[in-house]
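Me: I have a structure open here and want to talk it through. Can we go bit by bit?

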Amino acid sequence: MLRKIDSDTKLTLLHSPGQGRYFQDRHASTWLPLALAAGTGIMPVFDNLIYHGANLLAQDPLTGNTIFHTLARVSVSSPASAVNSLNHILASAEVHRWWLKSRIRLKARDLNEALLRVQNYDGYSPMSYAVCIGAIEYAAAILKMTNIYCFPQWHVGPEQFTLYEISELDPAVKSNPRTASVLEGYSFLVPVNNLSLGSIPAVKTIIVHKVAAYRVWTLAWFLYHVTVMSSFTACVHLRVNHIQDDVNSVNNITMWNNVTLTSSVFPGRLFMETFVIAAAVLYAAQEVADVIVLLRRRYWRSRDFSCRWPMFWLTLQFDVYRLFLFVFSASVLSATLSVRLIQSPFHDILYATASVSGWAFLLFFTRTFRNMAFFTLVMQRMVVRELTYFTLAFLTLLLGFGLAMHGLYSGLGVDGPAQVGTPARTFFSMFRVVVGLEELDIADEASTPWFVRFLFFLFVLFSNIMLLNMLIAAMNNTYNEIAPLRDVIWLQLRLKAVLLIERRLPCWLRPKHGLVRSNRDHRDMWFLGSSEVLPGHPLTGCSDV
């Protein structure tokens with residue numbers, strides 16, 4: 001059909017987006033015919049479209065995505081098919097004929113660079129777009145291709161030295177502040193079961209350099225936070241009790257000695273209080289400033305609607321340790337206001353919350369240690385998943401059996417056992433029975449002792465035997481799932497810690513790594529060298545490729 005129509009109509013048809021819900025639901029990244037052919041893996045149709053004049057760099061009118069952004073979307077569900085289609089496109093004879101006829105080759109040094117460095121309307125190249133949506137295999141394949149981000153320099157025997165262009169990888173040298181870097185997407189969007197990007201020498205080298213550069217800052221923050229928490233603990237335990245003057249009291253001498261002892265350390269306590277409040281204000285200001293900066297970058301305002309949720313999650317850059325820090329600062333400031341201004345009786349609860357969250361934040365610094373970082377991650381996973389499911393199931397059983405047990409003794413009134421006097425006390429007593437802190441031997445006091453024993457037998461059977469063993473089995477499964485990925489997970493955790501510290505430093509204090517060069521558009525490009533051993537070389541003693 002394309003042979004029988006004029007050239008203008010042909011070009012219009014070749015670059016017209018598909019209409020209808022079918023294309024919008026299944027091919028959300030772009031609906032152009034060339035992208036649909038590449039995304040579905042029908043490469044003969046793709047070559048035929050190129051032969052008849054389809055533009056390889058045509059962008060979707062809504063999102064600005066090219067066919068390579070579409071392949072990134074396909075790679076989320078079928079990575080092997082997307083990578084095969086990418087390799088076919090770059091090796092296709094029709095694509096090379098299009099390249100020789102195109103004017104793009106006058107501006108770009110290489111075909112691969114011309115095709116895979118094009119950005120969509122949000123400012124994301126196919127590689128950074130793939131990382132943000134979780135297509136890690138596709139992003140890794142692009143990073144490994146020569147003359148795009150990877151520029152081999154020399155190799156001697158099994159060793160090769162390569163320069164990697166890291167302007168899109170490292171947030172410290174990122175040229176576009178409105179887009180997320182590859183390392184940010186790798187840290188906050190990539191699940192732990194898909195961390196193959198960390199095995200690429202460029203990514204691993206950047207992380208190693210960053211960890212070494214921020215080692216002193218990490219130690220300084222650790223010592224600072226330990227000092228803050230020690231001062232806070234001392235302030236809580238040295239609070240002056242408001243004692244009424246009672247000269248006729250028997251304990252007046254003892255009370256006066258206590259007040260004198262506390263007052264003798266009052267100047268030091270006042271200094272520690274001021275230091276803790278200033279630290280809480282600093283922590284809160286850093287969190288608020290960090291959120292404002294991330295919101296100003298507008299990651300979530302993507303023209304590609306299918307990417308808005310991951311971009312919004314990347315905007316939050318949520319970390320449980322940041323939550324601990326924010327709870328600590330908010331609790332300290334709220335407790336100070338409640339004591340000084342409002343005279344609220346809830347300041348003890350706020351002090352306790354601040355103490356728990358502040359000391360728990362010290363687990364953040366375990367990310368610098370391999371075994372401790374893995375242990376805390378497994379603990380965090382178990383709390384979020386297995387322990388949450390167990391708690392919901394256990395509370396459901398406790399609610400049902402607790403109300404039933406309370407109802408069996410409600411007819412006795414005040415003469416009934418104290419352990420089941422109220423529903424709340426019944427729940428607490430049955431919980432203590434489960435953990436072995438109490439014995440509920442009250443069956444004989446009920447009107448139907450046999451039924452009470454039967455009901456209690458069912459509760460112990462479901463809660464102690466079944467639920468607890470299911471919890472242990474689920475936790476064991478989580479540990480076995482994460483254990484083989486210990487080294488790669490540690491790499492990601494260290495990167496998260498470094499990025500959190502880096503965002504809290506001014507730009508002039510952030511170390512930058514590599515060599516800077518200017519391209520034809522006078523834009524700075526940062527290159528980082530990486531030395532690696534080639535697999536399969538005879539001198540390495542390994543025959544695996």
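Me: Which side chains does a polar contact of 3.1 Å join?
Reply: Those of Tyr-149 and Glu-168. A polar contact here is a pair of N or O atoms within 3.5 Å; within protein, one must be able to donate a hydrogen and the other to accept it, and residues adjacent in sequence count only if both atoms are side-chain atoms. Keep in mind that this is a predicted model: local features need pLDDT of at least 70, side-chain atom pairs count only at pLDDT 80 or more, and totals for chains, interfaces and linings use all residues. Residues are numbered from 1 along each chain as its sequence is written, and side-chain values use heavy atoms, with hydrogens and water left out.

Me: Is Tyr-149 buried or exposed?
Reply: Tyr-149 counts as buried because its relative accessibility is 0%. Buried means under 20% relative accessible area, exposed over 50%, partly exposed in between (1.4 Å probe, protein chains only).

Me: Where is Tyr-149 found?
Reply: In the loop between α10 (136-144) and β1 (150-156). Helices (H or I, at least four residues) and strands (E, at least two) are DSSP runs, numbered from the N terminus.

Me: What is Tyr-149 in contact with, leaving aside neighbours within four places in sequence?
Reply: The list includes Leu-116, Arg-117, Met-127, Ile-142 and Leu-163. Contact means heavy atoms within 4.5 Å. Glu-165 is also in contact with Tyr-149. These two are 16 residues apart in sequence, yet 4.9 Å apart in space, C-alpha to C-alpha.

Me: New topic. Where is Thr-218?
Reply: In helix α13, residues 215-237. Thr-218 is buried, because its relative accessible area is 14%. A polar atom of its side chain lies 2.7 Å from the backbone oxygen of Tyr-214.

Me: And what does Thr-218 touch, not counting residues up to four places away in sequence?
Reply: Phe-365, Thr-368 and Ile-501.

Me: Now the surface. Which residues make the nonpolar patch?
Reply: Phe-369, Met-372, Phe-375, Met-379, Val-383, Val-384 and Leu-387, for about 640 Å². Like charges are joined within 9 Å, nonpolar side chains (Val, Leu, Ile, Met, Phe, Trp, Tyr) within 5 Å. Areas come from the Shrake-Rupley method with a 1.4 Å probe; for residues, only the protein chains shown count as cover.

Me: Which helix gives the most to the patch?
Reply: α19, residues 370-384, with 5 residues. Phe-369 is in the loop between α18 (347-360) and α19. Phe-369 counts as exposed because its relative accessible area is 52%.

Me: Where does UniProt place the transmembrane regions?
Reply: The unreviewed entry lists several, including 349-366 and 450-472. UniProt positions are in the numbering used here, feature names are shortened, and annotations may be inferred rather than shown by experiment. In the model, 349-366 is 67% helix and 0% strand, with end C-alpha atoms 28 Å apart. Residues 450-472 are 100% helix and 0% strand, with ends 32 Å apart, C-alpha to C-alpha.

Me: How many residues of α3 are buried?
Reply: 6 of its 8. Among them are Leu-34, Leu-36 and Gly-39. Just after α3, Gly-41 takes a positive phi of about 80°.

Me: And how many helices and strands are there in the protein?
Reply: 23 helices and 4 strands. Of the 545 residues, 44% count as buried.

Methods
Patch = residues over 30% accessible without salt bridge, like charges linked within 9 Å, V, L, I, M, F, W, Y side chains within 5 Å. Salt bridge = Lys/Arg side-chain N within 4 Å of Asp/Glu carboxyl O.
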